[in-house]
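I opened this one to see how the chain is put together. My notes are below, in the order I looked things up.

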Amino acid sequence: MKKRMVCWTLLAAFLLLAGCSVHPEEPKETLDPLLAQELNVSSEMAEKLASGIQTVDQWAEGEQAKLHVRQTFGNCQELYVLYDVTFAEGIDPEGENVYMEGARFTDEKWIRAESHQSIKREGQTVTYLTYLARTYGAWEDRPYTFEVGPLRQSSSGTDPASWAVLAEAVQVSWTPKNTGEVWKGTILSQEGEDLGLVTLSPFGMYYLLSSSRQPSYDALEATVKLTNQEGEDIPIYSFGGSHSKGTRGGEAVLLSVRGDYLFPEVMDLSQVKSLSIDGHTVTFDR
C-alpha cells in the first residue's frame, strides 16, 4: 500500500510540473447568430476569428430603460457591440421625431470612428449594433464604461440638448478581451518616402496620409484601391474622414488626410493582394 501511495504522489508531482490540469480546455466563443447575420460571417470565418469574440452578458437598469450588452466581436482596436435596450411601457423608441443618441465608451477619448444602427425590434426591446474603433494602440487592460442613450424626442429647437428625454442614458462596464489579426502598413511614394500609415483588419481599414495633390477629398477617396488575389477590387464603404487644406510650392494640397472604411462583410485577410492610396503603394508589416 505504501508503494502504491508513493507512485500516485510521483504521478501527481509530474502532472503539476508538466502544467497539466484536471479542467478541460475552455471552448471557443460562439458568435451570436444575429451578429453573424448582420456582418455576413460564415461559420468557418467565425471559427477563424473566434479570438475576437467576447460574450459580455452585462445588464444595467434605469428608470425608463434596461440595457443588456450581449456580445462583442472585433480585435485589439475595433469592436462591434451587440446589445438590447428594453424601454418602459408607453415609450415608442421608433416613434415620430424620436432618436437614440447612440452609444460610446465614456472613459476613452481616443475613438476615431463609430457607427450605430438598430437591427431588430420585439415589443419594447430594440437590438442595436455599434461599431467603435480606437485611434492609437490596443484597448487597455481595464474596465471600459459603455453608455447608451439618452433617447430623445426632437422639438422645434435646434439644440438636441434641449429636446425632451424619454429615457435616460444607461451604462455597463467590462474589460475588452478581444484579439485578432490586424495588419499595419506604410504608405510609400515611388521614391520610398514614408507618407503615412494604414491599419487593415477583417472589419475595415483606416489610413493617415500626410498630403495629397488631389483637388478634393472625394477625388482622393476614388483612388483608394484594395484588390484580392485575383486582381479584383474588394468593395469598401467609406464612413468617415477628415483633412485640412494648404499650399506647397504655390499649389493647393490636402493635408493630414484621414480615411475610415468598413467592409460590407467580414473579410479573410489572406485574400488581400494589394492596396494603393493616391497612387502610392502600401507595404504591410504582417
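**Ground rules.** I'm working from a predicted model, where local features need pLDDT of at least 70, side-chain atom pairs count only at pLDDT 80 or more, and totals for chains, interfaces and linings use all residues. Numbering starts from 1 along each chain as its sequence is written, and side-chain values use heavy atoms, with hydrogens and water left out.

**Overall build.** I looked up the secondary structure and got four helices and 19 strands. Helices here are DSSP runs of H or I with at least four residues, strands are E runs of at least two, and both are numbered from the N terminus. The protein has 286 residues, and 42% of them count as buried. Buried is under 20% relative accessible area, exposed is over 50%, and partly exposed is in between (1.4 Å probe, protein chains only). I also checked contacts (heavy atoms within 4.5 Å). Of those with a separation of 6 or more, 64% are between residues 24 or more positions apart.

**The five-strand sheet.** I traced an open sheet with the order β1-β2-β3-β7-β6 and antiparallel pairing. Its edge strands are β1 and β6 (111-122), each pairing on one side only. On average, neighbouring strands of this sheet are turned by 20° against each other, direction ignored. For that angle, axes are lines fitted to C-alpha atoms (for helices, over the stretch in contact), and angles run from 0 to 180 degrees between N-to-C directions. Pairing needs at least two DSSP bridges between two strands. β1 and β2 (residues 65-74) have seven, in the antiparallel sense. Isoleucine 53 has phenylalanine 73 in β2 as its bridge partner.

**Around β13.** How many residues of β13 are buried? I get five of its seven, so I noted strand β13 (residues 194-200) as mostly covered. β12 (residues 183-188) joins β13 antiparallel through six bridges, with lysine 184 opposite threonine 199. Their hairpin has five residues between the strands, and glycine 192 there takes a positive phi near 90°. On to β14 (residues 204-212): five bridges join this strand to β13, again antiparallel. The β13-β14 hairpin has three residues between the strands, and valine 198 is bridged to tyrosine 207 in β14.

**Cavities.** I found two of 30 Å³ or more in the whole structure. A cavity is a set of points on a 1 Å grid over the protein atoms alone where a 1.4 Å probe fits but cannot get out, and lining residues have an atom within 4 Å of a point. Points are joined across faces, edges and corners, and the volume is the space filled by probe spheres set on them. The largest is about 50 Å³, and its lining includes Phe87, Met100 and Glu168. By class, that lining is eight nonpolar, one polar and one charged. Nonpolar covers Ala, Val, Leu, Ile, Met, Phe, Trp, Tyr, Cys and Pro; charged covers Asp, Glu, Lys and Arg; the others, Gly among them, are polar.

Glycine 149 to proline 150 is a cis peptide bond, omega near 5°, and proline 150 lies in the loop between β8 (144-148) and β9 (151-153). Asparagine 40 has a positive phi of about 55° although not a glycine; its place is the loop between α2 (33-38) and α3 (43-48). Aspartate 57, in β1 (residues 53-61), has a positive phi near 50°. Buried or exposed, or partly exposed, for aspartate 57? Aspartate 57 is at 45% relative accessibility, so partly exposed.

Technical notes:
1 Å grid on protein atoms, 1.4 Å probe; cavity = no way out; pocket = protein on both sides within 12 Å on 5 of 7 lines; lining within 4 Å.
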